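Visitor: Could you walk me through this protein, one question at a time?
Guide: Gladly! Let's look at it together.
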Amino acid sequence: MGRISDLEYCKRYQQASAHGPLSGAREFMSLDVRRWGFMHMVRPNNLRKEYPEVTFHHHYLHDLESVYWLLIWYMVSHAPHKEGVPRVIDHVSWAKLVDDLFGTGIDSQEPTVHWNNQSVTCTAMMNFWDDQDSLEGVCDILNLPVLFKKEYGTLQTAEQTECGETRWPDRVFTEGLYIAFEKAVNEALKSVPSDCQWLPLWDSLSSQ
């Protein structure tokens, strides 16, 4: 399996800018980056003055969220089949879910609906995922947005520094979300068949 890369647009985080170009596959972008603004503003409006002013920019956790969307795409596109059970797929439900998550216009709110209510996605997947034993474990991956939103909220309370551009310093980004992300995915994937097509994808991503 090849590596996922877009090297001509790579830059160090210290070069991140609030005015940087938007590049990449929109389907796999962080929801914040898709719209170039904070969608996960968890601070109450009446308390916002108590928090530091923050400038939106692309950061490390957005890239981790891209991995989340890539995994969801593989889950939806390559549902494992339970051996000995006839495959029965509701193609209409499958097509609608794919379109909701990845095929709609840039201003669509459908990905946000799934991001904020993971049970919507899990219920939709039941219509074409014939290995129900593995689906329960895999649906745990869909709960990862809860961890992302918590971390995004923590970032919004941190002071940003200004060195040519205003951004959060490296020290506010910890490995906690990465560890939780990897643990959740590894645990969920224990429930899928060993020949599942997206296991090699995760092996490749987690080894980098």
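Guide: Helices (H or I, at least four residues) and strands (E, at least two) are DSSP runs, numbered from the N terminus. This is a predicted model, in which local features need pLDDT of at least 70 and side-chain atom pairs count only at pLDDT 80 or more, while totals for chains, interfaces and linings use all residues. Residues are numbered from 1 along each chain as its sequence is written, and side-chain values use heavy atoms, with hydrogens and water left out.

Visitor: How many helices and strands does the protein have?
Guide: Along the sequence the elements follow the pattern α-α-α-α-α-α-α-β-β-α-α. The secondary structure comes to 9 helices and 2 strands.

Visitor: What share of the residues is buried?
Guide: Buried means under 20% relative accessible area, exposed means over 50%, and partly exposed is in between (1.4 Å probe, protein chains only). Of the 208 residues in the protein, the buried share is 42%.

Visitor: How do helices α2 and α8 pack, roughly parallel or roughly antiparallel?
Guide: Axes are lines fitted to C-alpha atoms, for helices over the stretch in contact, and angles run from 0 to 180 degrees between N-to-C directions. Under 35 degrees counts as roughly parallel, over 145 as roughly antiparallel, 65 to 115 as roughly perpendicular and the rest as oblique. Helix α2 (residues 60-77) and helix α8 (residues 176-189) have axes 11 Å apart, at an angle of about 10 degrees. That makes the two helices roughly parallel.

Visitor: Which residues of α8 make the contact with α2?
Guide: Contact means heavy atoms within 4.5 Å. From α2 come Tyr 60, Leu 61, Leu 64, Val 67, Tyr 68 and Leu 71. Their partners in α8 are Leu 177, Tyr 178, Phe 181 and Val 185.

Visitor: What kind of aromatic pair do Tyr 13 and Phe 173 form?
Guide: Rings of Phe, Tyr and Trp (its six-membered ring) pair if their centres lie within 6.5 Å; planes under 30 degrees apart count as stacked, over 60 as edge-to-face and the rest as tilted. Tyr 13 and Phe 173 have ring centres 5.4 Å apart and planes at 80 degrees, so the pair is edge-to-face.

Visitor: How many residues apart are Tyr 13 and Phe 173?
Guide: Both Tyr 13 and Phe 173 are buried. Tyr 13 lies in the segment before α1 (31-35), and Phe 173 in the loop between β2 (166-167) and α8; the pair links parts of the chain 160 residues apart.

Visitor: Where does the partner of Tyr 68 in the pair with Trp 115 lie?
Guide: This pair is edge-to-face, at 5.6 Å centre to centre and 85 degrees between the planes. Tyr 68 is buried at 4% relative accessible area, and Trp 115 is buried at 1%. Tyr 68 belongs to helix α2, so the pair ties together parts 47 residues apart in sequence, with Trp 115 in helix α4 (residues 110-116).

Visitor: Which residues do ring pairs link into a cluster?
Guide: The structure holds 15 aromatic pairs. Ring pairs link Tyr 68, Trp 69, Trp 115, Phe 148, Tyr 152 and Phe 181.

Visitor: Which residue has its charged end over the ring of Trp 69?
Guide: A charge sits over a ring if NZ of Lys or CZ of Arg is within 6 Å of the ring centre and within 35 degrees of the ring normal. Here the charged end sits 5.2 Å from the centre of the Trp 69 ring, and the residue is Arg 34.
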